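Here is a short briefing on one protein chain. Look over the sequence and the structure first, then read the points below.

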Amino acid sequence: MTEQDEIPPFLYVVVCAAGIAADVGKLITAAQEREWQVGVIATPTAMNGFFDTAAVEAATGHPIRFAWRRPGEPRPFPDPDAVVVAPATFNTINKWAAGIADTLAVGTLCEVAGRGVPIGVLTCVSDDLAGHPAYQDSLIRLRGMGVRFGHPYQGAEGEEFGWERALDLVEPGRR
């Protein structure tokens, strides 16, 4: 197999329901510029108008996953080489840390963490919610599992989300 025949690494992008999710295309573009193939998994609430699903599917060439497959259905994505959760919400962080796999997005995060797949997270959590003891405990637990976190985003006026920083968290040599 030559270098030209190599399959690009596959990145799962998990999108949660936060207003900043409308800009997830920036992450997809940045990942593709770094030669990642991208598949998006969204929380069910994020699918309710938090981002342009048609544009994301067109950009990735894959359907957005948000519901479990039925038995016998083929897997729509290959196994991930890395996972980025952006934006990551209070709810998703807490459910993931507690192992509550009640959605495809959280179930996938639980599975890939168990496999040791590199995971980078950009949170989008208000200061009030970030101060909740359960959230702080969840961050500690996830960090203990090897999950890498970028600078937290609270949505202050003029604050940039920094989509590309999520890629820096999962790429070898850039951590």
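Is Ala88 buried or exposed? Ala88 is buried, with a relative accessible area of 0%; buried means under 20% relative accessible area, exposed over 50%, and partly exposed in between, using a 1.4 Å probe and protein chains only. This is a predicted model, in which local features need pLDDT of at least 70, side-chain atom pairs count only at pLDDT 80 or more, and totals for chains, interfaces and linings use all residues. Residues are numbered from 1 along each chain as its sequence is written, and side-chain values use heavy atoms, with hydrogens and water left out.

**Overall fold**

- Seven helices and five strands make up the secondary structure of the chain. Helices (H or I, at least four residues) and strands (E, at least two) are DSSP runs, numbered from the N terminus.
- Read from the N terminus, the elements follow the order β-α-β-α-β-α-α-β-α-α-β-α.
- The chain is as compact as a globular protein of its length, because its radius of gyration of 15 Å is close to the 16 Å that the globule rule gives for 175 residues. That radius is taken over C-alpha atoms, and the rule is 2.2 Å times the number of residues to the power 0.38.
- The C-alpha trace spans about 50 × 40 × 35 Å along its principal axes.

**Burial, contacts and surface**

- Of the 175 residues in the chain, 45% are buried.
- Take the contacts between residues at least 6 apart in sequence: 77% of them join residues at least 24 apart. Contact means heavy atoms within 4.5 Å.

- Five strands form an open sheet with parallel pairing, in the order E2-E1-E3-E4-E5. Two strands pair if DSSP finds at least two bridges between them.
- The edges are E2 and strand E5 (148–149), each of which pairs on one side only.
- Strand E1 (residues 10–15) pairs with E2 in the parallel sense over six bridges. Four bridges join E1 to strand E3 (residues 82–88), and these two also run parallel.
- Tyr12 shows both pairings. Tyr12 stands opposite Gly39 in E2, and the bridge partner of Tyr12 in E3 is Val83.
- Strand E2 (residues 37–42) is mostly covered, with five of its six residues buried.

- The peptide bond between Ala86 and Pro87 is cis, with omega about -5 degrees.
- Which residues does Ala88 contact, leaving aside its neighbours within four places in sequence? They are Cys16, Ile93, Val121, Leu122, Thr123, Cys124 and Val125.
- Ala88 and Glu160 are 72 residues apart along the chain, and their C-alpha atoms are separated by 15 Å.

**Glu35**

- Glu35 is not a glycine, yet it has a positive phi of about 70 degrees.
- Glu35 sits in the loop between helix H1 (24–33) and E2.
- Glu35 counts as exposed, because its relative accessibility is 59%.
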